[in-house]
Amino acid sequence: STNFGNATIIEVQTAGTGENRDAYFKFDLTSVGDISNAKLRIYAALSAAGSVGTSVYPVANTTWTETSVNWNTRPALGTPILSNVNITGTTFAWYELDVTNYLVSEKSAGRNVVTLGLHNPSTSTAFIKINSKEAASNKPQLSVNTQETAFVVSKTLGTVRNNLNGFVGMKFTVGPAPVVVTSLGRIFVSGNTGTHTVKLVTASSGNDVAGGSVSINMAAERL
C-alpha cells in the first residue's frame, strides 16, 4: 500500500472494490481550555458531478504518523459516527462536521491528542477531494470555541467624536454562548447637561437590540 502523507489533496472514497480511501486527522488540544463547541472544517469538492456523503469517526489510535500510515496499517475507525456531511459538486467549498461531544469526552479523560477519521458509508463512483495541510491554502481546520472565547469572538473599536453628535462605540461579534449586558454607561463630560442614550445595535441591520438601551441625564448622573 502507498502512503500519501505528503500529498496536497486527500481523497476519500468507498468504491466497493479497488480504490477505497479513508482520511485521518490528528490534533493536539493541550493548549485548549474547556470546549463549548468544536467542528472539523474541510475544504472539499468531488471528482465528478453529484453528491457524496462522508462521516467523521472517533479514532482511538493517536500514535500513527502521516508519513508512514497506509491502507494496511490504518487505525481502526471507532463508533459511533460523530457527524455527517454531503459534499456536492466539483467546486471546492468549506464543509463542517461537529465533533464537540467527542472532543469534550477526550479532554475530560485527560487525552489531549485526538484522531478523527473520514469514511464514506456508501459506495460511489466519484471521490471526495480535500485540501491537506500540505496545500498552499485552505488547509483542514479544527475550529474550537472554549468557555473563554465563546462570548465575544472579535471586536472593533469605534472612533471617538468630539462634537457630541451621533453614536460612538464598539462593534463586537458574539460566539455561541449568550452575552449578558449587566450595565450601560457613558463618561461624564464637564458642562454636558443633555440627556444621552446608550444602546446596543445589531450591526448587520442597524436595528436596536430589545432591552439594550438606557437614557442618561448627564446633569444628574455621573457614570
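**View 1. Strand β3, mostly covered.** In this predicted model, strand β3 spans residues 35-46, and ten of its twelve residues are buried. Buried here means under 20% relative accessible area, with exposed set at over 50% and partly exposed in between (1.4 Å probe, protein chains only). Strands are DSSP runs (E, at least two residues), numbered from the N terminus, while helices are H or I runs of at least four. Residues are numbered from 1 along each chain as its sequence is written. As the model is predicted, local features need pLDDT of at least 70 and side-chain atom pairs count only at pLDDT 80 or more, while totals for chains, interfaces and linings use all residues; side-chain values use heavy atoms, leaving out hydrogens and water.

**View 2. The partners of β3.** Two strands count as paired if DSSP finds at least two bridges between them. Strand β9 (residues 141-146) runs antiparallel to β3, joined by six bridges, and here Leu40 faces Leu142. With strand β6 (residues 93-98), β3 also makes six antiparallel bridges; look for Arg41 opposite Glu96. Strand β8 (residues 128-131) pairs with β3 in the antiparallel sense over three bridges, with Leu46 across from Ile128.

**View 3. Into the largest nonpolar core.** Such a core is a set of buried Ala, Val, Leu, Ile, Met, Phe, Trp, Tyr and Cys residues joined through side-chain atoms within 4.5 Å. The largest one has 29 residues, and Ile42, Leu103, Leu116 and Leu118 have the most contacts inside it. β3 gives this core its largest share, six residues.

**View 4. Around Leu103.** Leaving aside residues up to four places away in sequence, Leu103 touches Leu29, Ile35, Ala38, Val114, Leu116 and Leu142. Contact means heavy atoms within 4.5 Å.
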